[in-house]
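Here are some short notes for a first look. Please read them with the model open.

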Amino acid sequence: MAEGISSFWGPVTSAEWCEKNYVYSSYIAEFFNTISNIPGILLALVGLINAFRQRFEKRFSILHISNMILAIGSMLYHATLQHMQQQGDETPMVWEMLLYIYILYSPDWHYRSTMPTFLFFYGAAFAIVHALVRLRIGFKVHYVILCVLCVPRMYKYYIYTKDASAKRLAKLYLATIFMGSLCWLFDRLFCNKISRWYFNPEGHALWHVLMGFNSYFANTFLMFCRAQQLGWNPKVAHFMGLFPYVKIQKPKTQ
C-alpha cells in the first residue's frame, strides 16, 4: 500500500494491510479492516450480558470486556494507521492471552495469588517494553508462544468434556481459528497479486470477523467447563435455535 499517505490522521506510521487507504472516507484509512471488528464487539457484549445475568465468576466478565477492548483497539489502529494505535491493538492482544492462561490453568494452581500477580506484572512489563521498542517479528513470535501455551489445557478440557454440544463449541473454535489464519496468511503473503485484482477479498477483514466468533466460541466453551467444575449443571442452549450460550443451574446454597 502507498506508504506515507497523508490524511486527517497524518502520514502512515504503522504497519499496513492489503486494503487501499482512504477509499471510502478521509477519516478511515482501512475501511473494511475497521468495520470488520464490529461483530467481535457485539459477540463479546452478548457474552458479557450472559456472564452478568447468570452470575459467572468475574474472570469471565473481564474476559468478555477484554475482547471488546481488543476489537476497539483494532478499529482505532486500522482507522488511523498510526503507530501508537497499533500498540493499542497489539498490547491488549497479549493481555487477553495472559487472561486466557489464567482462566485455563488457575483451577489447578495451588498458590492462588502467585499466578495473577505474576501475569499482572508480566503484562505491565510487556506494555512498557512494547511502548519503547518496536517489536515486529518479536511480537508475533511472542504472541504465538502465548497461544501455544493454551493448547495443552484446551485439549485437556476437550477430552474430559462429555457433552456433545460443548465439544461442538470447541470444534467451532478450531474451525474459525483455522479459517481465520488462512485468510490472514493469504492477505499477507499474496498482497502484491491481490492488489492487481478487480475485487479484493479483504482477507484481513475476514480474519477479524472469524476471530470475533472464535473468541466467543472459546469463551463459551470455557464458561461451560468452569461451570462443570463448580457443579453448576451447565447446558449449551441456543438462542433462536442457532446462537449457542451456556445456561447453568446453581445449587440453592449458592
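1. Start with helices α7 and α9, which are roughly antiparallel to each other. This is a predicted model. The packing angle is about 160 degrees, and angles over 145 count as roughly antiparallel, so the label applies to α7 and α9. Helix α7 covers residues 164-189, and its axis lies 8 Å from that of α9.

2. Next, handedness. Where α7 and α9 cross, the crossing is left-handed. The residues of this contact comprise 18 nonpolar, seven polar and one charged.

3. Which angle do α3 and α9 make where they pack? It is about 175 degrees, with 11 Å between the axes. That makes α3 roughly antiparallel to α9. Helix α3 spans residues 58-80, while α9 spans residues 203-229.

4. Now the residues in that second contact. From α3 come Arg59, Phe60, Leu63, His64, Asn67, Ser74 and His78. They meet His204, His208, Ser215, Asn219, Leu222, Met223 and Arg226 of α9. By class, the contact of α3 with α9 has four nonpolar residues, eight polar and two charged.

5. Is isoleucine 72 buried, partly exposed or exposed? Its relative accessible area is 41%. Buried means under 20% and exposed means over 50%, so isoleucine 72 is partly exposed.

6. Finally, a distance to check. Isoleucine 72 and proline 39 are separated by 33 residues in sequence. In space, their C-alpha atoms are 11 Å apart.

How values were computed. Residues numbered from 1 in each chain as written. Predicted model: local features only at pLDDT ≥ 70, side-chain atom pairs only at ≥ 80, totals over all residues. Heavy atoms only, no water. Axes fitted to C-alpha atoms, helices over the stretch in contact; angles between N-to-C directions. Helix = DSSP H or I, 4+ residues; strand = E, 2+ residues; numbered from the N terminus. Parallel < 35°, antiparallel > 145°, perpendicular 65-115°, else oblique. Contact = heavy atoms within 4.5 Å. Nonpolar A, V, L, I, M, F, W, Y, C, P; charged D, E, K, R; others polar. Buried < 20%, exposed > 50% of the residue type's maximum accessible area, 1.4 Å probe, protein only. Left-handed = near helix turned anticlockwise from the far one by under 90°.
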